[in-house]
Amino acid sequence: MKPQRILITGAAGGMGRLLRPRLARPGRVLRLLDIAPIDPGDDGAEIVRASVTDADAMEAACRDVDVLLHLGGLSTEHCWEQILEVNIHGSYVALDAARRAGVARAVLASSNHAIGYLRPEDGDIDAAAFPRPDTHYGVSKVALEALGSLYADRYGMGVVAVRIGSCFERPKDARMLRTWLSPDDGARLFEACFAAPAPGFRVVWGASDNTRHWVSLEPARALGYAPQDDSERFAAEIDAQGEPDPDGFLMSYLGGTWCGPDWNTAEKEASAR
Ligand SMILES: NC(=O)c1ccc[n+]([C@@H]2O[C@H](COP(=O)([O-])OP(=O)(O)OC[C@H]3O[C@@H](n4cnc5c(N)ncnc54)[C@H](O)[C@@H]3O)[C@@H](O)[C@H]2O)c1
Ligand SMILES: O=C(O)[C@H]1O[C@@H](O)[C@H](O)[C@@H](O)[C@@H]1O
């Protein structure tokens with residue numbers, strides 16, 4: 001049987017490193033791509049040093065691939081030109097290379113920041129809510145989702161955009177108790193996205209089964225995701241850091257402080273001119 005080959009872009013990054021051991025298995029080849037160096041490891045992974053903005057390199061990287069897991073790009077706010085080139089154009093290049101190479105499934109790392117301006121106080125947020133991006137970065141994730149929708153409808157690719165909350169070893173603050181995606185649940189969720197039959201295009205929320213939650217997991221569960229972790233086991237430690245201001249940006253918006261003045265990149269760019 002042909003081994004399942006998964007191309008992971010941005011594999012040198014935080015999530016890529018957390019996911020590599022969790023997604024590796026017999027009969028599967030991980031092809032790991034990044035502009036940054038990647039540990040060769042001893043798991044038989046194929047390493048590709050390339051940019052997601054390089055169409056020829058991406059087409060070569062997509063050859064014989066069954067699934068594209070697109071994590072690569074800028075993972076925080078940047079100036080518009082960089083976001084446009086790396087996150088928006090780079091996502092187009094990656095998806096179009098996948099189409100040309102006949103890759104049937106794409107799983108895209110979208111973000112809570114695509115809907116960052118939604119307010120949890122208005123009730124549990126719909127995972128596939130209409131975009132409310134909080135930054136240029138958030139706009140790039142909306143564009144990523146739109147590209148995914150286009151490639152599903154026009155070219156018949158199965159595409160799942162995961163609006164990831166906060167995927168780290170552990171939650172770091174009171175907001176992340178609401179948005180945390182444990183690395184193990186991250187792997188479970190991506191496996192569900194790889195295996196779901198004929199998903200068409202879906203937008204799902206990427207979080208663990210946190211007691212304190214803001215966004216519905218139902219669309220992800222409908223794909224077969226069965227989360228097993230809950231950030232509550234870190235709650236006592238995080239609560240001991242002190243009660244966050246309930247009216248501050250951190251707790252008022254899904255995107256947290258990214259909705260506040262510290263992340264107003266357009267204003268910073270204007271004042272630097
Ligand atoms: N970690 C989270 O909580 C979280 C939450 C929501 C969304 N996401 C998204 O998930 C993805 C992975 O996040 P992360 O936390 O691992 O980020 P990260 O910054 O640690 O990793 C991103 C990787 O992409 C690589 N990269 C940057 N430009 C590239 C290019 N032109 N070509 C190829 N690779 C390039 C970087 O070198 C880096 O290794 C990102 O798309 C991020 O926006 C992450
Ligand atoms: O909102 C969050 O916690 C996370 O959102 C992701 O999109 C970002 O890549 C990451 O840097 C943030 O920590």
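**Exercises: a ligand shell and a strand**

α1, α3 (80-100) and β5 (105-111) each give at least two residues to the shell around ligand 1. Helices (H or I, at least four residues) and strands (E, at least two) are DSSP runs, numbered from the N terminus. This is a predicted model: local features need pLDDT of at least 70, side-chain atom pairs count only at pLDDT 80 or more, and totals for chains, interfaces and linings use all residues. Residues are numbered from 1 along each chain as its sequence is written, while chains are lettered from A and ligands numbered from 1 in the order in which they are written.

**Exercise 1.** Describe the shell around ligand 1.

*Solution.* 
- Count the shell: 25 residues surround ligand 1. A residue is near a molecule if its C-beta atom, placed from the backbone, lies within 6 Å of it.
- Pick out the closest: G10, G13, M15, S75 and A109.
- Find the largest share: α1 supplies it, with 3 residues.
- Sort by class: 11 are nonpolar, 13 polar and 1 charged. Here Ala, Val, Leu, Ile, Met, Phe, Trp, Tyr, Cys and Pro count as nonpolar, Asp, Glu, Lys and Arg as charged, and the others, Gly among them, as polar.
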